[in-house]
Amino acid sequence: MAMDAARREALKMEALGITNYNRPYICEKCGGLMIFKGCGEYECEDCALKGYDDYGKVRNYIEGHAGANSAEIEANTGVSQKSIRQMLKESKLEIAADSVAFMRCEMCGADIRSGRFCQKCEVTYHREKEKQMRERIKGFGLENEEERRERQKGEKRFLREK
Ligand SMILES: [Zn+2]
Ligand SMILES: [Zn+2]
């Protein structure tokens, strides 16, 4: 019975595309169903044993060990550095301010505490996306007369070159 509910929930999570970070479904002690309590924590509905998914384990460890780096977290929680990085990318985790930084900005390599980019590069990244979006909007008829002529010239040149 408990197994069926757990399996159903697993399928539902999968269908929704939710990464569940090795969520515990079945109580190790009594075989009851583990109920989600929030922040990566679970509790058996029958015997109240607590359990944690990878996110909960890492979160607990960081709480007690400010300044831990990913290798240390991996050694003590068994959660892979790859999963830890994934959680950081999804901004599920933020490294404490006094922590040894172990994330690098994907653009400039500066030390960061969560996400993919430093603040400066994040602005650059969004500006670039906005520029691309603006160009796409123009392509759908919002260009002005001069831009249209320029574009047509370019298209003719392109045809000649073919
Ligand atoms: Zn139990
Ligand atoms: Zn950067």
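This report describes the sheet, the helix packing and the nonpolar cores of a predicted model.

## Sheet

The sheet is open and has three strands, ordered E1-E2-E3, with antiparallel pairing. Its edges are strand E1 (34-38) and strand E3 (50-52), each of which pairs on one side only. Direction ignored, neighbouring strands in this sheet are turned by 35° against each other on average.

E1 and strand E2 (residues 41-44) run antiparallel and are joined by four bridges. One of the residues involved is Gly38, whose bridge partner in E2 is Glu41. As a general point, strands of a sheet pair through backbone hydrogen bonds, in either a parallel or an antiparallel manner.

## Helix H3

Helix H3 spans residues 70-77, and its buried residues are Ser70, Ile73 and Thr77. These residues lie on the same side of H3, because the arc they cover around the axis is only 60°. In general, an α-helix has 3.6 residues a turn, so residues three or four places apart point the same way. Ala71 and Ala75, on the other side of H3, are exposed.

The packing partners of the buried H3 residues are H2 and H4. After H3 comes Gly78, which has a positive phi, near 80°.

## Contact between H2 and H3

The axes of H2 and H3 cross at roughly 115° and come within 10 Å. This crossing of H2 and H3 is right-handed. On the H2 side, the residues that meet H3 are Lys57, Val58 and Tyr61; on the H3 side, they are Ile73, Asn76 and Thr77. Of these, Ile73 and Thr77 are among the buried residues of H3.

## Nonpolar cores

The largest nonpolar core has eight residues: Tyr55, Val58, Ala68, Ile73, Val79, Ile84, Met87 and Leu88. Two or more of these residues come from each of helix H2 (54-64) and helix H4 (81-89). H4 makes the biggest contribution to this core, giving three residues. In soluble globular proteins, nonpolar side chains tend to be buried together.

Val58 and Ile73 belong to the largest core, and both also take part in the meeting of H2 with H3.

How values were computed: Residues numbered from 1 in each chain as written. Chains lettered and ligands numbered in written order. Predicted model: local features only at pLDDT ≥ 70, side-chain atom pairs only at ≥ 80, totals over all residues. Core = buried A, V, L, I, M, F, W, Y, C linked by C-beta atoms within 7 Å. Buried ≥ 20, exposed ≤ 12 C-beta atoms within 10 Å, placed from the backbone. Arc of directions from axis to C-beta. Contact = placed C-beta atoms within 7 Å. Pairing = 2+ DSSP bridges. Axes fitted to C-alpha atoms, helices over the stretch in contact; angles between N-to-C directions. Left-handed = near helix turned anticlockwise from the far one by under 90°.
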